[in-house]
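User: Hello! I am new to this structure and would like to learn how to read it. Could you take me through it step by step?

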Amino acid sequence: MGYTAIVDYGVGNLKSVSNAMAYIGQKTLVTGDPAELERADAVILPGVGAFPDAADKLRQTGLDRAVLAQAGRKPVLGICLGMQLLFDWGEEGKRCKGLGLVGGCVKLMETEFKLPHIGWNSLEFSSGSPLFHGLDSGTYVYFVHSYCGHAASREDVIARTIYGPPVVAAVSHNGVYGCQFHPEKSGEAGLQILKNFGELMG
């Protein structure tokens, strides 16, 4: 069985992701080595913190190029800030370039509700994505964020949630997936999502 590389660029929630993957029997390697991303069968890009800091650390380590090199060749999953980094740019603090794997941008959520958005919200699926195999619309998952993605193409949005207005909760483009929520903290539903991702490995 192959393994999933969990990208260590200094801002990820690495232990909880690796623990969740181990729980479902998926082999992982937490690494900042581009060669290990090359050898892996799938890649997870986690993230906690601010978009500009994370984008800078990706570039400083050269891991931005490493992730880009794997995208389209093997499944890639961005989680929370990791999903936001998949977009063309973000506007947290200052306009900052992302990886450009999903067209669009990341902006502060426009809602009358409290920010950051912390807690459990339900998902409404907008496509039959393999990431959500075995789950029904209305499934609850765990969010922690103040910024959200705005996809350039509606076809790239595979799930939304409601926090005042609709919010992009998950995206998919050319074998690259992103979850704004934390599947590793979302109980059985989150474990199913991670299992589904693992099964995308060829």
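Analyst: Happy to. Let us begin with a term: helices (H or I, at least four residues) and strands (E, at least two) are DSSP runs, numbered from the N terminus. By that reading, the protein chain has six helices and 14 strands. The radius of gyration, taken over C-alpha atoms, is compared with a globule rule of 2.2 Å times the number of residues to the power 0.38. Here the radius of gyration is 15 Å, close to the 17 Å that the rule gives for 202 residues, so the protein chain is as compact as a globular protein of that length.

User: Before we go on, what kind of model is this?

Analyst: It is a predicted model, in which local features need pLDDT of at least 70 and side-chain atom pairs count only at pLDDT 80 or more, while totals for chains, interfaces and linings use all residues. Residues are numbered from 1 along each chain as its sequence is written, and side-chain values use heavy atoms, with hydrogens and water left out.

User: How many of the residues count as buried?

Analyst: Buried means under 20% relative accessible area, exposed over 50%, and partly exposed in between (1.4 Å probe, protein chains only). In this protein chain, 54% of the 202 residues count as buried. As for overall extent, the C-alpha trace spans about 45 × 40 × 30 Å along its principal axes.

User: And what do contacts tell me about the chain?

Analyst: A contact means heavy atoms within 4.5 Å. Take the contacts between residues at least 6 apart in sequence: 71% of these join residues at least 24 apart.

User: Which strands pair with strand 4?

Analyst: Two strands pair if DSSP finds at least two bridges between them. Strand 3 (residues 42–45) pairs with strand 4 in the parallel sense over three bridges, and Leu45 stands opposite Gly78 there. Strand 14 (residues 176–179) also runs parallel to strand 4, with four bridges joining them; in this pairing Leu77 has Tyr177 as its bridge partner.

User: What about the two faces of strand 4: are they covered or open?

Analyst: The general idea is that in a regular strand the side chains alternate between the two faces of the sheet. In strand 4 (residues 76–79) both faces are covered: Val76 and Gly78 are buried on one side, and Leu77 and Ile79 are buried on the other.

User: Which residues are buried in helix 1?

Analyst: In helix 1 (residues 14–23) the buried ones are Leu14, Ser16, Val17, Ser18, Ala20 and Met21. Their cover includes strand 1 (4–7), strand 2 (28–31), strand 3, strand 4 and helix 6 (187–198). Just after helix 1, Gly25 takes a positive phi of about 85 degrees.

User: What does the side chain of Thr111 reach?

Analyst: A polar contact is a pair of N or O atoms within 3.5 Å; within protein, one must be able to donate a hydrogen and the other to accept it, and residues adjacent in sequence count only if both atoms are side-chain atoms. Thr111 lies in the loop between strand 7 (102–108) and strand 8 (117–122). Its side chain reaches the backbone nitrogen of Phe113 at 3.0 Å, and a polar atom of that side chain lies 2.9 Å from the backbone oxygen of Tyr163. Leaving aside residues up to four places away in sequence, Thr111 touches Tyr163, Gly164 and Pro165.

User: How many salt bridges does the structure hold?

Analyst: A salt bridge is a side-chain nitrogen of Lys or Arg within 4 Å of a carboxyl oxygen of Asp or Glu. The structure holds three. In one, the side chains of Arg73 and Glu38 meet at 2.9 Å, N to O. Arg73 lies in the loop between helix 4 (63–70) and strand 4 and Glu38 in helix 2, so the pair ties together parts that are 35 residues apart in sequence. Arg39 and Glu36 form another, at 3.1 Å, N to O; being three residues apart in helix 2 (residues 34–39), Arg39 and Glu36 are separated by about one helical turn. Glu199 and Lys195 also form a salt bridge, with their closest N and O atoms 2.8 Å apart.
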